[in-house]
Amino acid sequence: MALHFARSWRLYSWGAKRCGAAAGEARRGISFKLEEKTAHSSLALFRGDTGVKYGLVGLEPTKVALNVERFREWAVVLADTAVTSGRHYWEVTVKRSQQFRIGVADMDMSRDSCIGIDDRSWVFSYAQRKWHTMLANEKAPIEGIGQPEKVGLLLDYEAKKLSLVDVNKVSVVHTLQTDFQGPVVPAFALWDGELLTHSGLEVPEGL
C-alpha cells in the first residue's frame with residue numbers, strides 16, 4: 001500500500017511539470033532542474049539545481065532527508081520535469097568527470113537500481129575514455145566522439161529515439177532506439193567530477 005501510494009504521489013507531483021509539444025514550443029526543448037529529493041546521498045546539487053557534483057564521502061546522513069524518491073544504491077539523480085510528447089534538446093557540460101551516464105528514465109524506475117542497468121532507462125555511458133549505449137545492463141560501443149567538454153541530447157518521444165549530439169559539429173553521433181511506455185525524465189549518474197545541465201534550448205536546425 002505504501003509503495004502504491006508513493007508511486008501515485010510521484011505521478012501526481014510530476015504531473016504538473018510535464019512537457020509536451022505545444023504549438024508555440026515546437027522547437028524549444030524541455031526546461032528542467034534536478035530534483036534534489038531523488039539525488040543519492042553522494043551527490044550534491046549546485047547552481048540553482050542545474051548542476052550535480054560527486055562526493056566520495058557523500059552528504060552527512062543527518063542532512064539528507066529520507067524518502068521513497070531518493071536513489072539508495074547508486075549515484076543517480078533525476079530531473080523534475082517529465083516528457084510525454086514532442087522533440088526536446090538539452091546539453092550537458094562535463095567538468096572533471098571521467099565516469100558518468102546521461103539519458104532518460106521512466107520517472108517511476110526503482111530507486112534501488114541504476115540508469116542503464118534496468119530496461120526502464122536509456123543512457124549514454126562514458127568511462128575509461130570510451131562511450132557506450134546502455135540498456136538493461138547491455139553495452140554497445142559508440143565511435144566518432146572523444147572526451148567531452150559538452151554534449152547534447154535529443155529526445156524524440158513519438159519516434160522513440162534518444163540521440164547523442166556532437167555540439168561542435170551540431171550532428172547526431174549515435175541514436176538509441178527506445179521503448180517508452182509512459183512519462184520519462186532526464187536522468188544522470190556520475191562517480192567523479194561535475195555535470196552541469198543546460199535546458200530550455202531550441203532544437204538545433206538540421207537535427
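Two strands pair if DSSP finds at least two bridges between them. The model described here is predicted.

**A hairpin**

Strand 12 (residues 161-166) and strand 13 (residues 171-177) pass that test. They pair in the antiparallel sense, over six bridges. Lys-161 faces Gln-177 of strand 13 across the pair. The hairpin has four residues between its strands, and Val-170 takes a positive phi near 50° there.

**Aromatic pairs**

A pair of aromatic rings is described by the distance of the centres and the angle of the planes. The whole structure holds seven aromatic pairs.

| Pair | Distance of centres | Angle of planes | Arrangement |
|---|---|---|---|
| Trp-122 and Phe-180 | 5.0 Å | 85° | edge-to-face |
| Tyr-157 and Phe-180 | 5.1 Å | 15° | stacked |

Why do the two arrangements carry these names?

Tyr-157 lies in the loop between strand 11 (150-156) and strand 12. Its pair with Phe-180 ties together parts that are 23 residues apart in sequence. Trp-122 and Phe-180 are both buried. Tyr-157 is buried too.

Elsewhere, Phe-32, Trp-90 and Phe-188 form one aromatic cluster. One ring also meets a charge: the charged end of Lys-53 sits over the ring of Phe-46, 4.9 Å from its centre.

Is Thr-197 buried or exposed? Its relative accessible area is 6%, and buried means under 20%, so Thr-197 is buried. Thr-197 is part of strand 15 (residues 194-198). Its side chain reaches the backbone oxygen of Thr-50 at 2.6 Å. Leaving aside residues up to four places away in sequence, Thr-197 touches Phe-32, Leu-34, Thr-50, Glu-91 and Phe-188. Phe-32 and Phe-188 also belong to the aromatic cluster.

Arg-111 sits in a loop, between strand 7 (99-106) and strand 8 (121-127). With 2% relative accessibility, Arg-111 counts as buried. Which backbone oxygen does the side chain of Arg-111 reach? That of Met-109, at 2.9 Å. Arg-111 and Ala-39 are 72 residues apart along the chain, and their C-alpha atoms are separated by 9.9 Å.

Technical notes. Residues are numbered from 1 along each chain as its sequence is written. This is a predicted model: local features need pLDDT of at least 70, side-chain atom pairs count only at pLDDT 80 or more; totals for chains, interfaces and linings use all residues. Side-chain values use heavy atoms; hydrogens and water are left out. Helices (H or I, at least four residues) and strands (E, at least two) are DSSP runs, numbered from the N terminus. Buried means under 20% relative accessible area, exposed over 50%, partly exposed in between (1.4 Å probe, protein chains only). A polar contact is a pair of N or O atoms within 3.5 Å; within protein, one must be able to donate a hydrogen and the other to accept it, and residues adjacent in sequence count only if both atoms are side-chain atoms. Contact means heavy atoms within 4.5 Å. Rings of Phe, Tyr and Trp (its six-membered ring) pair if their centres lie within 6.5 Å; planes under 30 degrees apart count as stacked, over 60 as edge-to-face and the rest as tilted. A charge sits over a ring if NZ of Lys or CZ of Arg is within 6 Å of the ring centre and within 35 degrees of the ring normal.
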